[in-house]
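Keep the picture open as you read.

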Amino acid sequence: MLKFIPLKAQAGFTGFESPSAEYTQLDLDLGQLLIDHPTATYIGYAEGQSMVDAGIYSGDLLIISRAEKVKNNDIVVANLNGVFVVKRVDKPNRRLLSAAKGYAPYSLQSGDEFQIEGVVTRSIRLHRPLKATL
Amino acid sequence: MYALCDVNSMYASCEKVFDPSIRNRPVVVLTNNDGQICAACGIAKKMGIGKKFVPFFQVRYELEKAGAVIRSSNYELYAALSQKLMDTCSQFAPHSHIYSIDECFLFYGKHATYVPPEGWAKHASDIRRTVWREVRLPIGVGIGQTPTLAKAANHAAKRIKGYNGTAVIDDNRTRKHILANMSVTDVWGIGRRIGARLNAQGITTALQLANQPPRLIRKQFSVLVESTVHELNGRVMLNWDEVRAPKKEIYSSRSFGQRITEALQLRYALAAHVEIASAKLRKQGGLAASMTIFATSSPHDSNEYYRKAVFHRFVVPTADSRLIMAACTQAIDTIFKEGIRFYRCGVGLLDLCDANNYQFDLFAQTTDDPNFMKIMDSINQKYGRGTVYVASRGVEHKFAMRREFLSPQYLTRWADLPRAYCI
(Lines give C-alpha, C1' and ligand atoms only; values in the text may rest on other atoms or scores of the structure.)
Protein backbone atom coordinates (compact mmCIF):
# COMPACT_ATOMS: atom_id res chain seq x y z
CA MET A 1 0.00 0.00 0.00
CA LEU A 2 1.16 3.48 -0.64
CA LYS A 3 2.46 5.08 2.50
CA PHE A 4 1.46 8.70 2.72
CA ILE A 5 1.95 9.31 6.37
CA PRO A 6 5.71 10.03 6.46
CA LEU A 7 5.16 13.22 4.47
CA LYS A 8 3.36 15.07 7.21
CA ALA A 9 3.08 18.83 7.12
CA GLN A 10 2.74 20.66 10.41
CA ALA A 11 0.28 23.51 10.38
CA GLY A 12 2.20 25.98 12.47
CA PHE A 13 1.59 24.22 15.77
CA THR A 14 5.31 23.66 16.33
CA GLY A 15 6.48 25.18 19.58
CA PHE A 16 3.27 24.19 21.36
CA GLU A 17 3.23 20.95 23.26
CA SER A 18 0.04 19.38 22.11
CA PRO A 19 -2.16 19.26 25.25
CA SER A 20 -4.04 16.13 24.24
CA ALA A 21 -3.93 13.28 21.82
CA GLU A 22 -6.85 14.90 20.04
CA TYR A 23 -4.37 17.23 18.42
CA THR A 24 -3.06 14.43 16.26
CA GLN A 25 -6.22 14.83 14.23
CA LEU A 26 -5.20 18.36 13.36
CA ASP A 27 -2.02 17.25 11.64
CA LEU A 28 -2.31 17.96 8.01
CA ASP A 29 -1.63 15.03 5.79
CA LEU A 30 -0.12 15.80 2.41
CA GLY A 31 -1.58 12.62 0.99
CA GLN A 32 -5.06 13.78 1.88
CA LEU A 33 -4.45 17.10 0.15
CA LEU A 34 -2.81 15.82 -3.00
CA ILE A 35 -4.50 12.48 -3.58
CA ASP A 36 -8.17 12.41 -4.52
CA HIS A 37 -8.57 8.67 -5.14
CA PRO A 38 -6.20 6.81 -2.78
CA THR A 39 -7.02 3.34 -4.07
CA ALA A 40 -6.37 4.29 -7.70
CA THR A 41 -3.32 6.48 -7.24
CA TYR A 42 0.35 5.68 -7.41
CA ILE A 43 3.54 7.65 -7.10
CA GLY A 44 6.52 7.60 -9.42
CA TYR A 45 9.59 9.55 -10.42
CA ALA A 46 10.00 11.52 -13.63
CA GLU A 47 13.23 10.89 -15.47
CA GLY A 48 14.38 12.95 -18.47
CA GLN A 49 14.03 16.44 -19.93
CA SER A 50 11.18 16.27 -22.43
CA MET A 51 8.52 17.84 -20.18
CA VAL A 52 10.44 20.77 -18.67
CA ASP A 53 8.25 23.41 -20.33
CA ALA A 54 5.27 21.83 -18.56
CA GLY A 55 7.18 22.21 -15.30
CA ILE A 56 8.21 18.58 -14.93
CA TYR A 57 11.93 18.11 -14.38
CA SER A 58 14.02 15.00 -14.04
CA GLY A 59 13.74 13.67 -10.49
CA ASP A 60 10.34 15.21 -9.76
CA LEU A 61 7.77 13.12 -7.93
CA LEU A 62 4.65 12.43 -9.95
CA ILE A 63 1.25 11.65 -8.52
CA ILE A 64 -0.62 9.58 -11.04
CA SER A 65 -4.32 8.82 -10.86
CA ARG A 66 -5.92 5.96 -12.70
CA ALA A 67 -9.39 7.10 -11.61
CA GLU A 68 -9.29 10.33 -13.60
CA LYS A 69 -10.95 10.49 -16.99
CA VAL A 70 -8.38 11.42 -19.63
CA LYS A 71 -9.09 14.75 -21.30
CA ASN A 72 -7.42 16.23 -24.33
CA ASN A 73 -4.13 17.92 -23.45
CA ASP A 74 -3.81 16.13 -20.11
CA ILE A 75 -0.34 15.11 -19.02
CA VAL A 76 -0.38 11.34 -18.66
CA VAL A 77 1.84 8.40 -17.94
CA ALA A 78 1.42 5.84 -20.69
CA ASN A 79 2.83 2.48 -21.60
CA LEU A 80 4.37 3.02 -25.03
CA ASN A 81 5.91 -0.19 -26.34
CA GLY A 82 6.90 -1.41 -22.92
CA VAL A 83 8.15 1.84 -21.40
CA PHE A 84 6.31 4.23 -19.09
CA VAL A 85 6.49 7.65 -20.73
CA VAL A 86 5.28 11.04 -19.59
CA LYS A 87 3.50 12.93 -22.39
CA ARG A 88 0.74 15.35 -23.17
CA VAL A 89 -2.08 13.67 -25.10
CA ASP A 90 -3.34 15.17 -28.34
CA LYS A 91 -6.51 13.10 -28.59
CA PRO A 92 -7.95 14.31 -31.94
CA ASN A 93 -4.67 13.64 -33.78
CA ARG A 94 -3.69 10.52 -31.82
CA ARG A 95 -0.36 12.06 -30.94
CA LEU A 96 1.85 12.26 -27.88
CA LEU A 97 3.39 15.65 -27.31
CA SER A 98 6.49 16.57 -25.38
CA ALA A 99 6.99 19.94 -23.75
CA ALA A 100 10.56 20.92 -24.52
CA LYS A 101 12.55 22.12 -27.47
CA GLY A 102 13.93 19.43 -29.71
CA TYR A 103 11.36 16.73 -28.92
CA ALA A 104 9.06 16.04 -31.88
CA PRO A 105 5.45 14.90 -31.44
CA TYR A 106 4.96 11.15 -31.65
CA SER A 107 2.13 9.87 -33.84
CA LEU A 108 0.72 6.55 -32.66
CA GLN A 109 1.11 3.74 -35.20
CA SER A 110 -1.18 0.78 -35.58
CA GLY A 111 1.48 -1.67 -34.37
CA ASP A 112 2.27 0.27 -31.20
CA GLU A 113 1.60 -1.18 -27.80
CA PHE A 114 -0.12 1.73 -26.12
CA GLN A 115 -2.15 2.14 -22.94
CA ILE A 116 -2.71 5.23 -20.86
CA GLU A 117 -1.72 4.30 -17.32
CA GLY A 118 -3.04 7.34 -15.54
CA VAL A 119 -3.28 11.10 -15.46
CA VAL A 120 -0.48 13.07 -13.81
CA THR A 121 -2.50 15.10 -11.34
CA ARG A 122 0.46 16.69 -9.50
CA SER A 123 4.21 16.92 -9.79
CA ILE A 124 6.47 17.75 -6.90
CA ARG A 125 9.97 19.24 -7.15
CA LEU A 126 12.42 17.90 -4.59
CA HIS A 127 14.68 20.83 -3.88
CA ARG A 128 16.56 18.76 -1.37
CA PRO A 129 16.83 14.97 -1.52
CA LEU A 130 14.24 12.89 0.32
CA LYS A 131 15.50 11.48 3.59
CA ALA A 132 13.49 8.32 3.18
CA THR A 133 15.32 7.27 0.03
CA LEU A 134 18.89 8.14 1.01
CA MET B 1 -26.86 -12.18 -4.42
CA TYR B 2 -23.13 -12.82 -4.16
CA ALA B 3 -20.26 -11.89 -6.44
CA LEU B 4 -16.85 -13.51 -6.55
CA CYS B 5 -14.00 -11.47 -8.01
CA ASP B 6 -10.66 -13.13 -8.54
CA VAL B 7 -7.46 -12.21 -10.29
CA ASN B 8 -6.16 -14.24 -13.23
CA SER B 9 -2.70 -15.60 -12.35
CA MET B 10 -2.35 -13.14 -9.49
CA TYR B 11 1.40 -13.23 -8.85
CA ALA B 12 2.39 -13.09 -12.50
CA SER B 13 -0.18 -10.35 -13.17
CA CYS B 14 1.16 -8.28 -10.26
CA GLU B 15 4.65 -8.44 -11.76
CA LYS B 16 3.26 -6.80 -14.91
CA VAL B 17 1.55 -3.84 -13.23
CA PHE B 18 4.63 -1.65 -12.83
CA ASP B 19 6.82 -3.24 -15.48
CA PRO B 20 5.29 -2.57 -18.88
CA SER B 21 8.25 -4.16 -20.65
CA ILE B 22 7.01 -7.63 -19.63
CA ARG B 23 3.28 -7.21 -20.22
CA ASN B 24 3.39 -9.14 -23.48
CA ARG B 25 5.95 -11.68 -22.39
CA PRO B 26 5.65 -15.02 -20.60
CA VAL B 27 6.20 -14.46 -16.88
CA VAL B 28 6.93 -17.17 -14.35
CA VAL B 29 7.10 -16.60 -10.58
CA LEU B 30 9.14 -18.74 -8.18
CA THR B 31 8.34 -19.71 -4.58
CA ASN B 32 10.17 -18.93 -1.41
CA ASN B 33 13.94 -19.26 -1.88
CA ASP B 34 13.42 -19.60 -5.64
CA GLY B 35 12.84 -23.32 -5.21
CA GLN B 36 9.85 -24.07 -7.41
CA ILE B 37 7.53 -22.42 -9.88
CA CYS B 38 4.42 -21.10 -8.15
CA ALA B 39 2.69 -19.05 -10.86
CA ALA B 40 2.72 -18.43 -14.57
CA CYS B 41 0.87 -15.83 -16.62
CA GLY B 42 -1.60 -16.70 -19.37
CA ILE B 43 0.98 -16.24 -22.11
CA ALA B 44 3.38 -18.66 -20.39
CA LYS B 45 0.59 -21.20 -19.87
CA LYS B 46 -0.33 -21.04 -23.54
CA MET B 47 3.29 -21.74 -24.43
CA GLY B 48 3.17 -24.76 -22.15
CA ILE B 49 5.83 -23.50 -19.77
CA GLY B 50 5.78 -22.66 -16.10
CA LYS B 51 4.03 -25.73 -14.76
CA LYS B 52 3.37 -25.30 -11.08
CA PHE B 53 5.47 -26.96 -8.37
CA VAL B 54 8.21 -28.02 -10.78
CA PRO B 55 11.68 -27.43 -9.24
CA PHE B 56 13.19 -24.37 -10.89
CA PHE B 57 16.64 -25.85 -11.57
CA GLN B 58 15.04 -28.60 -13.67
CA VAL B 59 13.40 -26.21 -16.10
CA ARG B 60 15.67 -23.21 -15.90
CA TYR B 61 17.28 -23.83 -19.28
CA GLU B 62 13.94 -24.49 -20.95
CA LEU B 63 12.47 -21.28 -19.51
CA GLU B 64 15.42 -19.19 -20.60
CA LYS B 65 15.28 -20.64 -24.08
CA ALA B 66 11.60 -19.74 -24.34
CA GLY B 67 12.42 -16.16 -23.35
CA ALA B 68 10.42 -16.36 -20.14
CA VAL B 69 10.74 -13.61 -17.56
CA ILE B 70 11.60 -15.20 -14.22
CA ARG B 71 10.71 -13.51 -10.94
CA SER B 72 11.11 -14.32 -7.27
CA SER B 73 7.98 -13.97 -5.16
CA ASN B 74 7.55 -10.34 -4.19
CA TYR B 75 4.98 -10.70 -1.45
CA GLU B 76 5.36 -7.06 -0.40
CA LEU B 77 4.12 -6.04 -3.84
CA TYR B 78 1.38 -8.70 -4.04
CA ALA B 79 -0.01 -7.83 -0.61
CA ALA B 80 -0.08 -4.10 -1.47
CA LEU B 81 -1.82 -4.69 -4.79
CA SER B 82 -4.20 -7.11 -3.11
CA GLN B 83 -5.19 -4.35 -0.73
CA LYS B 84 -5.94 -2.00 -3.63
CA LEU B 85 -7.92 -4.73 -5.33
CA MET B 86 -10.03 -5.35 -2.22
CA ASP B 87 -10.59 -1.63 -1.65
CA THR B 88 -11.73 -1.19 -5.21
CA CYS B 89 -14.06 -4.21 -5.24
CA SER B 90 -15.62 -3.39 -1.88
CA GLN B 91 -16.91 -0.09 -3.25
CA PHE B 92 -19.40 -2.06 -5.34
CA ALA B 93 -21.38 -3.78 -2.59
CA PRO B 94 -22.53 -3.14 0.98
CA HIS B 95 -20.59 -6.17 2.31
CA SER B 96 -17.36 -7.78 1.27
CA HIS B 97 -15.29 -10.71 2.42
CA ILE B 98 -11.63 -11.20 1.58
CA TYR B 99 -11.28 -14.87 0.79
CA SER B 100 -7.65 -14.97 -0.24
CA ILE B 101 -4.92 -12.70 -1.55
CA ASP B 102 -6.59 -12.60 -4.96
CA GLU B 103 -10.24 -13.40 -4.32
CA CYS B 104 -13.07 -11.59 -2.61
CA PHE B 105 -16.76 -12.16 -2.23
CA LEU B 106 -19.23 -9.29 -2.40
CA PHE B 107 -22.62 -9.67 -0.74
CA TYR B 108 -25.59 -7.58 -1.82
CA GLY B 109 -27.96 -8.40 1.03
CA LYS B 110 -30.62 -10.98 1.63
CA HIS B 111 -33.29 -9.54 -0.65
CA ALA B 112 -33.46 -12.10 -3.40
CA THR B 113 -35.18 -9.70 -5.75
CA TYR B 114 -32.57 -6.94 -5.50
CA VAL B 115 -31.09 -5.96 -8.85
CA PRO B 116 -28.71 -3.01 -9.29
CA PRO B 117 -30.16 -0.26 -11.50
CA GLU B 118 -27.78 -1.07 -14.36
CA GLY B 119 -28.58 -4.82 -14.25
CA TRP B 120 -26.32 -7.66 -13.06
CA ALA B 121 -24.47 -8.23 -16.33
CA LYS B 122 -23.46 -4.59 -16.63
CA HIS B 123 -22.63 -4.49 -12.92
CA ALA B 124 -20.26 -7.44 -13.29
CA SER B 125 -18.46 -5.93 -16.25
CA ASP B 126 -18.27 -2.55 -14.48
CA ILE B 127 -16.40 -4.21 -11.60
CA ARG B 128 -14.06 -5.93 -14.02
CA ARG B 129 -13.39 -2.79 -16.04
CA THR B 130 -12.87 -0.62 -12.97
CA VAL B 131 -10.36 -3.03 -11.44
CA TRP B 132 -8.42 -3.17 -14.70
CA ARG B 133 -8.42 0.60 -15.07
CA GLU B 134 -7.61 1.49 -11.47
CA VAL B 135 -5.46 -1.40 -10.27
CA ARG B 136 -4.25 -2.86 -13.62
CA LEU B 137 -5.07 -6.40 -12.60
CA PRO B 138 -7.15 -8.68 -14.85
CA ILE B 139 -10.04 -10.25 -12.95
CA GLY B 140 -12.99 -12.54 -13.54
CA VAL B 141 -16.36 -11.77 -11.93
CA GLY B 142 -19.02 -14.38 -11.20
CA ILE B 143 -22.40 -13.51 -9.71
CA GLY B 144 -24.89 -15.97 -8.24
CA GLN B 145 -27.51 -16.51 -5.55
CA THR B 146 -25.11 -18.34 -3.22
CA PRO B 147 -21.34 -18.25 -2.66
CA THR B 148 -21.03 -21.64 -4.38
CA LEU B 149 -23.00 -20.42 -7.41
CA ALA B 150 -20.95 -17.21 -7.53
CA LYS B 151 -17.86 -19.40 -7.58
CA ALA B 152 -19.40 -21.51 -10.37
CA ALA B 153 -20.24 -18.38 -12.35
CA ASN B 154 -16.66 -17.22 -11.88
CA HIS B 155 -15.45 -20.54 -13.24
CA ALA B 156 -17.72 -20.07 -16.25
CA ALA B 157 -16.48 -16.52 -16.74
CA LYS B 158 -12.97 -17.83 -17.25
CA ARG B 159 -13.34 -21.31 -18.67
CA ILE B 160 -16.65 -21.75 -20.48
CA LYS B 161 -16.89 -20.58 -24.07
CA GLY B 162 -19.07 -17.55 -24.65
CA TYR B 163 -18.30 -15.86 -21.34
CA ASN B 164 -15.60 -13.26 -21.44
CA GLY B 165 -14.50 -12.66 -17.92
CA THR B 166 -17.95 -12.20 -16.38
CA ALA B 167 -20.95 -14.48 -15.82
CA VAL B 168 -24.20 -14.08 -13.92
CA ILE B 169 -26.39 -16.89 -12.63
CA ASP B 170 -29.69 -15.14 -11.98
CA ASP B 171 -32.16 -17.54 -13.54
CA ASN B 172 -32.67 -21.27 -13.67
CA ARG B 173 -31.81 -21.60 -17.35
CA THR B 174 -28.34 -20.05 -16.95
CA ARG B 175 -27.76 -21.99 -13.74
CA LYS B 176 -28.45 -25.27 -15.51
CA HIS B 177 -26.42 -24.32 -18.56
CA ILE B 178 -23.34 -23.41 -16.54
CA LEU B 179 -23.55 -26.34 -14.12
CA ALA B 180 -24.05 -28.78 -17.00
CA ASN B 181 -20.84 -27.52 -18.60
CA MET B 182 -18.81 -27.76 -15.44
CA SER B 183 -17.18 -30.90 -14.13
CA VAL B 184 -18.08 -31.88 -10.59
CA THR B 185 -14.47 -31.60 -9.43
CA ASP B 186 -14.54 -27.89 -10.33
CA VAL B 187 -17.34 -27.28 -7.83
CA TRP B 188 -16.18 -25.29 -4.84
CA GLY B 189 -15.45 -27.59 -1.91
CA ILE B 190 -15.42 -30.81 -3.91
CA GLY B 191 -11.90 -32.11 -3.58
CA ARG B 192 -10.20 -34.72 -5.66
CA ARG B 193 -11.15 -37.61 -3.36
CA ILE B 194 -14.83 -36.82 -3.11
CA GLY B 195 -14.78 -36.04 -6.82
CA ALA B 196 -13.43 -39.49 -7.61
CA ARG B 197 -16.13 -41.15 -5.49
CA LEU B 198 -18.83 -39.07 -7.17
CA ASN B 199 -17.42 -39.97 -10.58
CA ALA B 200 -17.56 -43.64 -9.63
CA GLN B 201 -21.29 -43.21 -9.05
CA GLY B 202 -21.70 -41.66 -12.48
CA ILE B 203 -21.90 -38.08 -11.20
CA THR B 204 -19.53 -36.16 -13.44
CA THR B 205 -21.08 -32.72 -13.94
CA ALA B 206 -21.98 -30.07 -11.40
CA LEU B 207 -25.60 -30.23 -12.56
CA GLN B 208 -25.80 -33.94 -11.78
CA LEU B 209 -24.56 -33.21 -8.27
CA ALA B 210 -27.12 -30.43 -7.88
CA ASN B 211 -29.89 -32.87 -8.80
CA GLN B 212 -28.98 -35.44 -6.13
CA PRO B 213 -31.26 -35.80 -3.09
CA PRO B 214 -29.44 -33.82 -0.36
CA ARG B 215 -30.21 -36.33 2.40
CA LEU B 216 -28.72 -39.18 0.46
CA ILE B 217 -25.59 -37.16 -0.20
CA ARG B 218 -25.24 -36.44 3.48
CA LYS B 219 -25.48 -40.13 4.27
CA GLN B 220 -22.93 -41.13 1.64
CA PHE B 221 -20.54 -38.21 2.04
CA SER B 222 -20.91 -35.49 4.65
CA VAL B 223 -22.91 -32.51 5.80
CA LEU B 224 -20.49 -30.31 3.86
CA VAL B 225 -21.25 -31.97 0.56
CA GLU B 226 -24.96 -31.77 1.39
CA SER B 227 -24.54 -28.01 1.89
CA THR B 228 -22.88 -27.81 -1.48
CA VAL B 229 -25.91 -29.49 -3.09
CA HIS B 230 -28.23 -26.95 -1.46
CA GLU B 231 -25.99 -24.09 -2.52
CA LEU B 232 -25.94 -25.31 -6.11
CA ASN B 233 -29.74 -25.08 -5.98
CA GLY B 234 -29.72 -21.52 -4.75
CA ARG B 235 -30.07 -22.06 -0.99
CA VAL B 236 -27.45 -20.19 1.04
CA MET B 237 -25.73 -22.50 3.53
CA LEU B 238 -22.23 -21.11 3.94
CA ASN B 239 -21.21 -18.56 6.46
CA TRP B 240 -18.01 -16.56 5.91
CA ASP B 241 -16.11 -17.98 8.86
CA GLU B 242 -16.86 -21.57 7.95
CA VAL B 243 -15.67 -21.14 4.43
CA ARG B 244 -12.75 -23.43 3.77
CA ALA B 245 -9.34 -21.89 3.41
CA PRO B 246 -7.61 -22.21 0.09
CA LYS B 247 -4.17 -23.80 0.05
CA LYS B 248 -1.92 -21.00 -1.05
CA GLU B 249 -2.69 -18.37 1.52
CA ILE B 250 -5.10 -17.93 4.40
CA TYR B 251 -7.04 -14.80 5.14
CA SER B 252 -9.23 -14.07 8.09
CA SER B 253 -11.02 -10.78 8.02
CA ARG B 254 -14.40 -9.28 8.66
CA SER B 255 -16.19 -6.04 9.20
CA PHE B 256 -17.28 -5.05 12.70
CA GLY B 257 -20.89 -4.79 13.80
CA GLN B 258 -20.06 -1.40 15.26
CA ARG B 259 -17.16 0.80 14.30
CA ILE B 260 -14.02 0.38 16.41
CA THR B 261 -12.22 3.48 17.68
CA GLU B 262 -9.83 2.13 20.32
CA ALA B 263 -6.45 0.49 19.83
CA LEU B 264 -7.20 -2.21 22.37
CA GLN B 265 -10.40 -3.25 20.64
CA LEU B 266 -8.57 -3.39 17.35
CA ARG B 267 -5.97 -5.60 18.95
CA TYR B 268 -8.59 -8.01 20.27
CA ALA B 269 -10.17 -8.20 16.85
CA LEU B 270 -6.84 -8.88 15.16
CA ALA B 271 -5.98 -11.48 17.81
CA ALA B 272 -9.19 -13.33 16.95
CA HIS B 273 -8.22 -13.34 13.27
CA VAL B 274 -4.75 -14.63 14.13
CA GLU B 275 -6.36 -17.50 16.03
CA ILE B 276 -8.68 -18.40 13.16
CA ALA B 277 -6.07 -18.12 10.43
CA SER B 278 -3.27 -19.90 12.27
CA ALA B 279 -5.56 -22.75 13.32
CA LYS B 280 -6.52 -23.21 9.64
CA LEU B 281 -2.84 -23.10 8.73
CA ARG B 282 -1.96 -25.83 11.23
CA LYS B 283 -4.91 -27.91 10.13
CA GLN B 284 -3.55 -28.07 6.60
CA GLY B 285 -0.04 -28.75 7.91
CA GLY B 286 1.44 -25.51 6.65
CA LEU B 287 3.91 -22.84 7.67
CA ALA B 288 3.66 -19.17 6.74
CA ALA B 289 6.76 -17.22 5.75
CA SER B 290 5.09 -13.82 5.76
CA MET B 291 1.86 -12.11 6.66
CA THR B 292 -0.13 -8.98 6.05
CA ILE B 293 -2.09 -7.19 8.74
CA PHE B 294 -4.64 -4.57 7.76
CA ALA B 295 -7.46 -2.34 8.93
CA THR B 296 -9.70 0.12 7.10
CA SER B 297 -12.52 2.52 7.71
CA SER B 298 -15.67 2.03 5.65
CA PRO B 299 -15.73 3.29 2.07
CA HIS B 300 -19.42 3.92 2.72
CA ASP B 301 -18.96 6.18 5.74
CA SER B 302 -18.99 9.86 4.94
CA ASN B 303 -15.63 10.52 6.66
CA GLU B 304 -12.45 10.27 4.74
CA TYR B 305 -11.48 6.71 3.81
CA TYR B 306 -8.57 5.37 5.85
CA ARG B 307 -6.69 2.20 5.11
CA LYS B 308 -3.43 0.82 6.38
CA ALA B 309 -1.62 -2.46 5.95
CA VAL B 310 1.62 -3.78 7.36
CA PHE B 311 3.69 -6.50 5.81
CA HIS B 312 5.72 -8.79 8.06
CA ARG B 313 8.24 -11.44 7.15
CA PHE B 314 9.07 -14.18 9.65
CA VAL B 315 12.70 -15.15 10.18
CA VAL B 316 11.67 -18.76 9.95
CA PRO B 317 8.32 -19.84 8.50
CA THR B 318 5.92 -20.44 11.35
CA ALA B 319 2.54 -21.81 12.33
CA ASP B 320 2.85 -20.74 15.94
CA SER B 321 0.01 -18.47 17.06
CA ARG B 322 2.30 -16.80 19.56
CA LEU B 323 4.83 -15.69 16.94
CA ILE B 324 2.09 -14.63 14.56
CA MET B 325 0.34 -12.67 17.28
CA ALA B 326 3.60 -11.01 18.27
CA ALA B 327 4.07 -9.74 14.72
CA CYS B 328 0.50 -8.55 14.74
CA THR B 329 0.91 -6.66 18.01
CA GLN B 330 3.89 -4.79 16.64
CA ALA B 331 1.91 -3.78 13.61
CA ILE B 332 -0.93 -2.23 15.60
CA ASP B 333 1.01 0.94 16.42
CA THR B 334 1.44 1.57 12.73
CA ILE B 335 -2.11 0.71 11.77
CA PHE B 336 -4.09 2.34 14.51
CA LYS B 337 -4.89 6.00 14.17
CA GLU B 338 -6.78 8.15 16.65
CA GLY B 339 -10.13 9.34 15.43
CA ILE B 340 -10.58 6.72 12.73
CA ARG B 341 -13.77 4.66 12.91
CA PHE B 342 -12.45 1.25 11.90
CA TYR B 343 -14.85 -0.82 9.91
CA ARG B 344 -12.83 -3.87 9.03
CA CYS B 345 -9.58 -5.56 9.95
CA GLY B 346 -7.87 -8.83 9.28
CA VAL B 347 -4.74 -10.82 8.70
CA GLY B 348 -3.49 -12.81 5.74
CA LEU B 349 -0.92 -15.59 6.07
CA LEU B 350 1.13 -15.71 2.89
CA ASP B 351 3.93 -17.57 1.27
CA LEU B 352 2.82 -20.91 2.69
CA CYS B 353 4.86 -24.06 2.59
CA ASP B 354 4.37 -27.59 3.80
CA ALA B 355 5.58 -28.14 7.37
CA ASN B 356 6.68 -31.68 6.59
CA ASN B 357 8.84 -30.75 3.65
CA TYR B 358 10.30 -27.50 4.87
CA GLN B 359 14.07 -27.49 5.11
CA PHE B 360 15.11 -25.40 8.06
CA ASP B 361 18.13 -23.19 7.85
CA LEU B 362 21.08 -24.16 10.04
CA PHE B 363 21.37 -20.57 11.23
CA ALA B 364 17.70 -19.78 11.57
CA GLN B 365 16.25 -22.43 13.80
CA THR B 366 12.55 -22.59 14.33
CA THR B 367 11.14 -21.53 17.66
CA ASP B 368 7.75 -23.08 16.93
CA ASP B 369 6.41 -25.48 19.48
CA PRO B 370 4.16 -27.82 17.48
CA ASN B 371 3.23 -29.92 20.51
CA PHE B 372 2.10 -26.90 22.44
CA MET B 373 0.08 -25.74 19.43
CA LYS B 374 -1.44 -29.18 19.10
CA ILE B 375 -2.62 -29.04 22.70
CA MET B 376 -4.05 -25.58 22.09
CA ASP B 377 -5.89 -26.70 18.98
CA SER B 378 -7.32 -29.80 20.63
CA ILE B 379 -8.57 -27.81 23.62
CA ASN B 380 -10.18 -25.31 21.29
CA GLN B 381 -11.72 -28.06 19.23
CA LYS B 382 -13.18 -29.70 22.32
CA TYR B 383 -14.37 -26.64 24.21
CA GLY B 384 -14.96 -24.21 21.38
CA ARG B 385 -12.89 -21.67 19.52
CA GLY B 386 -11.11 -19.15 21.71
CA THR B 387 -11.08 -21.23 24.89
CA VAL B 388 -7.34 -20.79 25.08
CA TYR B 389 -5.46 -18.13 23.19
CA VAL B 390 -2.15 -16.33 23.36
CA ALA B 391 -1.30 -13.21 25.20
CA SER B 392 1.22 -11.39 23.07
CA ARG B 393 4.95 -11.03 23.25
CA GLY B 394 7.38 -9.10 21.10
CA VAL B 395 10.03 -10.61 18.88
CA GLU B 396 11.93 -9.11 16.00
CA HIS B 397 14.54 -10.75 13.86
CA LYS B 398 16.35 -10.17 10.67
CA PHE B 399 16.11 -12.62 7.87
CA ALA B 400 17.93 -13.65 4.78
CA MET B 401 16.45 -15.62 1.97
CA ARG B 402 17.13 -16.30 -1.60
CA ARG B 403 15.30 -13.95 -3.95
CA GLU B 404 17.58 -13.63 -6.92
CA PHE B 405 14.96 -12.43 -9.39
CA LEU B 406 13.12 -10.01 -7.16
CA SER B 407 11.27 -7.06 -8.65
CA PRO B 408 11.26 -3.72 -6.80
CA GLN B 409 8.76 -3.03 -4.01
CA TYR B 410 7.01 -0.41 -6.11
CA LEU B 411 4.28 0.32 -3.59
CA THR B 412 5.96 -0.20 -0.24
CA ARG B 413 9.45 1.34 -0.42
CA TRP B 414 10.11 4.96 -1.21
CA ALA B 415 13.36 4.08 -2.98
CA ASP B 416 11.55 1.64 -5.26
CA LEU B 417 8.94 3.97 -6.77
CA PRO B 418 8.39 3.28 -10.46
CA ARG B 419 10.06 5.49 -13.07
CA ALA B 420 8.25 7.27 -15.88
CA TYR B 421 10.46 8.60 -18.66
CA CYS B 422 10.33 12.06 -20.19
CA ILE B 423 11.90 11.04 -23.47
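Val29(B) has Ala39(B) as its bridge partner in β3(B). This is a predicted model. A second pair in these strands is Val28(B), which stands opposite Ala40(B) in β3(B). Strand β2 of chain B covers residues 27–30. Three bridges join β2(B) to β3(B), and the two run antiparallel. Between them lies a hairpin with six residues between the strands. Within that hairpin, Asn33(B) takes a positive phi near 60°.

Where does β2 sit in its sheet? The order is β3-β2-β4 in chain B. The sheet is open, has three strands and shows mixed pairing. At the edges stand β3 (37–40) and β4 (69–72) of chain B. Each has a single partner strand, so one side of each is left without a neighbour in the sheet. On average, neighbouring strands here are turned by 25° against each other, direction ignored. In a regular strand, side chains alternate between the two faces of the sheet.

## Helices on this sheet

Helix α1 of chain B spans residues 10–17. It lies across β2, β3 and β4 of chain B. Its direction is at about 115° to β2(B).

Helix α3 of chain B, residues 56–65, also packs on the sheet. It touches β2, β3 and β4 of chain B. The direction of α3(B) makes about 145° with that of β4(B).

## A five-stranded sheet in chain B

Chain B also holds an open sheet of five strands. Read the order as β5-β6-β1-β7-β8, with mixed pairing. Which strands stand at the edges? They are β5 (95–100) and β8 (166–168) of chain B. Each has a single partner strand, so one side of each lacks a neighbour in the sheet. Neighbouring strands are turned by 15° against each other on average, direction ignored.

Look next at β1 (residues 2–7) and β7 (residues 139–144) of chain B. They pair in the antiparallel sense over six bridges.

## Where chain B meets chain A

How many residues does each chain bring to the contact? Chain B gives 35 residues and chain A gives 44 residues. The size of an interface is often given as the accessible area lost when the parts come together. Between chain B and chain A, the buried area is about 3700 Å². Carbon and sulfur atoms give 57% of that area.

Strand β3 of chain A, residues 41–48, is joined to β13(B) by four bridges. These two strands run parallel. Gly48(A) stands opposite Cys422(B) in β13(B).

On the side of chain B that touches chain A, the elements giving two or more residues are α4 (75–90), α5 (120–135), β11 (307–318) and β13 (419–422) of chain B. The largest share, five residues, comes from α4(B). By class, this side of chain B has 17 nonpolar, seven polar and eleven charged residues.

## Salt bridges

Side chains of opposite charge can pair when their charged atoms come close. Over all chains, the structure holds 20 salt bridges. Three salt bridges are counted between chain B and chain A. Glu117(A) and Arg136(B) meet in a salt bridge through their side chains, at 3.3 Å from N to O.

Another salt bridge lies within chain A. Arg125(A) pairs with Asp60(A), and the closest N and O atoms are 2.9 Å apart. This pair links distant parts of the chain, 65 residues apart. Arg125(A) is in the segment after β9 (114–124) of chain A. Asp60(A) is in the loop between β3 and β4 (61–65) of chain A.

Note on methods: Residues numbered from 1 in each chain as written. Chains lettered and ligands numbered in written order. Predicted model: local features only at pLDDT ≥ 70, side-chain atom pairs only at ≥ 80, totals over all residues. Heavy atoms only, no water. Pairing = 2+ DSSP bridges. Axes fitted to C-alpha atoms, helices over the stretch in contact; angles between N-to-C directions. Contact = heavy atoms within 4.5 Å. Buried area = accessible area lost by both parts, 1.4 Å probe. Salt bridge = Lys/Arg side-chain N within 4 Å of Asp/Glu carboxyl O. Nonpolar A, V, L, I, M, F, W, Y, C, P; charged D, E, K, R; others polar.
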